[in-house]
Amino acid sequence: MPQALYESSLTSLPLLGRGKVRENYAVGEDRILMVASDRLSAFDVIMGEPIPGKGALLTKMALFWFDKLDGIVPHHLTGEDPLSVVTGAEREQIRDRAMLVKRLKPLPIEAVVRGYLAGSGWAEYQKTQSVCGVALPAGLRNADKLPAPIFTPATKAEMGDHDENISFEQAATIIGTELATRVRDISIQLYQRAADFALTKGIIIADTKFEFGLDADGTLTLMDEVLTPDSSRYWPVESYAPGSNPPSYDKQFVRDWLEQATVDGQPWGKVAPAPALPASVIAKTVEKYEEALQRLTA
């Protein structure tokens with residue numbers, strides 16, 4: 001297994017912030033060095049143990065998808081080598097796990113697209129027969145394919161809080177109707193192209209979230225990570241069966257283990273600190289991320 005990086009510590013660049021998985025460093029006024037650590041969060045809690053190689057796998061997958069989605073909307077990659085902006089001593093820390101990107105003004109909403117009914121969408125549908133204000137046909141089951149992909153935005157939560165699903169109208173109130181309409185239409189286009197391609201590789205992309213920002217000229221730009229198992233629900237075609245949660249290429253092993261984990265004899269309450277992950281769960285999670293990347297890029 002590769003050497004794990006739980007947290008980067010670059011001293012040659014100013015740290016802008018640490019997220020659940022990534023650290024962002026300022027490169028001058030107009031660029032950001034995004035470093036993907038090997039941290040993993042589940043139920044919005046960061047695990048105490050890293051998943052070795054995860055940051056590099058996610059970075060490779062994001063770069064793969066930025067290339068596949070070319071032509072739909074501008075993206076934030078500068079095309080420059082991330083290793084060129086750190087000191088020689090810091091290069092090994094970020095090798096294969098960093099992207100040098102344009103500094104943008106992020107939109108304050110998550111652009112979520114669902115092609116299948118799952119997760120919080122399934123929970124909401126059972127109560128209202130709709131998801132984020134989008135009415136859906138009666139009689140759908142968990143994991144059913146939707147008649148067409150739907151745009152179900154969410155607000156961006158502060159660290160440790162949950163993103164909150166909102167309607168298109170609420171998103172339009174936050175960022176304006178014209179911009180919200182463009183984000184919706186572009187997000188569905190991005191999802192459709194990715195989902196069609198993934199299907200040729202035996203992978204169903206059930207849903208995903210995109211993030212957008214505006215550059216200095218106001219150009220809408222795709223940013224952050226795209227279509228990784230951290231921001232998407234990946235299902236292998238061969239084990240897909242509607243009516244229950246299909247096995248997935250993501251943190252499912254970790255989530256399933258946490259659901260039955262106990263702390264001081266009680267079920268874990270999904271608040272920090274998380275119980276320590278066993279080596280077997282870590283190894284299985286690495287294996288799933290690797291398998292997803294190999295399938296897609298084969």
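Which residues in H1 meet which residues in H5? In this predicted model, where residues are numbered from 1 along each chain as its sequence is written, local features need pLDDT of at least 70, side-chain atom pairs count only at pLDDT 80 or more, and totals for chains, interfaces and linings use all residues. Side-chain values use heavy atoms, with hydrogens and water left out.

Phe64, Trp65 and Lys68 in H1 meet Arg193, Ala194, Phe197 and Ala198 in H5, where contact means heavy atoms within 4.5 Å. By class, this contact of H1 with H5 has 5 nonpolar, no polar and 2 charged residues; in this scheme Ala, Val, Leu, Ile, Met, Phe, Trp, Tyr, Cys and Pro count as nonpolar, Asp, Glu, Lys and Arg as charged, and the others, Gly among them, as polar. Helix H1 covers residues 54-68 and helix H5 covers residues 177-200, the helices (H or I, at least four residues) and strands (E, at least two) being DSSP runs numbered from the N terminus. The axes of H1 and H5 come within 10 Å and cross at roughly 110°; axes are lines fitted to C-alpha atoms, for helices over the stretch in contact, and angles run from 0 to 180 degrees between N-to-C directions. H1 and H5 are therefore roughly perpendicular to each other, given that angles under 35 degrees count as roughly parallel, over 145 as roughly antiparallel, 65 to 115 as roughly perpendicular and the rest as oblique. H1 passes H5 in a right-handed crossing; a crossing is right-handed if the near helix is turned clockwise from the far one by less than a right angle, and left-handed if anticlockwise.

H5 also packs against helix H4 (residues 168-175), and the axes of H4 and H5 come within 7 Å and cross at roughly 125°. H4 and H5 are therefore oblique to each other, and their crossing is right-handed. On the H4 side the contact is made by Phe168, Ala171, Ala172 and Ile175, and on the H5 side by Thr177, Leu179, Ala180, Thr181, Val183 and Arg184. Sorted by class, the contact of H4 with H5 has 7 nonpolar, 2 polar and 1 charged residues.

Charged side chains were examined next. Side chains of opposite charge can pair when their charged atoms come close. A salt bridge is taken as a side-chain nitrogen of Lys or Arg within 4 Å of a carboxyl oxygen of Asp or Glu, and by this rule the count comes to 19 salt bridges. One of them joins the side chains of glutamate 23 and arginine 39, at 2.6 Å from N to O. Glutamate 23 lies in strand S2 (residues 22-27) and arginine 39 in the loop between strand S3 (31-36) and strand S4 (41-42), so the pair ties together parts that are 16 residues apart in sequence. Glutamate 23 is buried, with a relative accessible area of 0%, and arginine 39 also counts as buried at 3%; buried means under 20% relative accessible area, exposed over 50%, and partly exposed in between (1.4 Å probe, protein chains only). Glu23 and Arg39 are linked with Glu7 and Arg18 in a network of salt bridges.

In another salt bridge, the side chains of arginine 95 and glutamate 92 meet at 2.7 Å, N to O. Here arginine 95 is partly exposed, with a relative accessible area of 35%, whereas glutamate 92 counts as exposed at 56%. The side chains of arginine 141 and aspartate 144 meet in a salt bridge at 3.0 Å, N to O, with arginine 141 partly exposed at 44% relative accessibility and aspartate 144 buried at 9%.

Threonine 59 is found in helix H1 and counts as buried at 5% relative accessibility. Not counting residues up to four places away in sequence, threonine 59 touches Ala36, Asp96, Arg97, Ala98 and Met99. Aspartate 96, one of these contacts, lies in the loop between helix H2 (91-94) and strand S6 (98-102) and counts as exposed at 59% relative accessibility.

Backbone geometry was considered last. Most residues other than glycine have a negative phi, and most peptide bonds are trans. Aspartate 96 has a positive phi of about 70° although it is not a glycine. Phenylalanine 43, likewise not a glycine, has a positive phi of about 55° and lies in the loop between S4 and strand S5 (45-46). A cis peptide bond, with omega about -5°, joins alanine 272 and proline 273, and proline 273 is found in the loop between strand S18 (266-267) and helix H7 (279-297).
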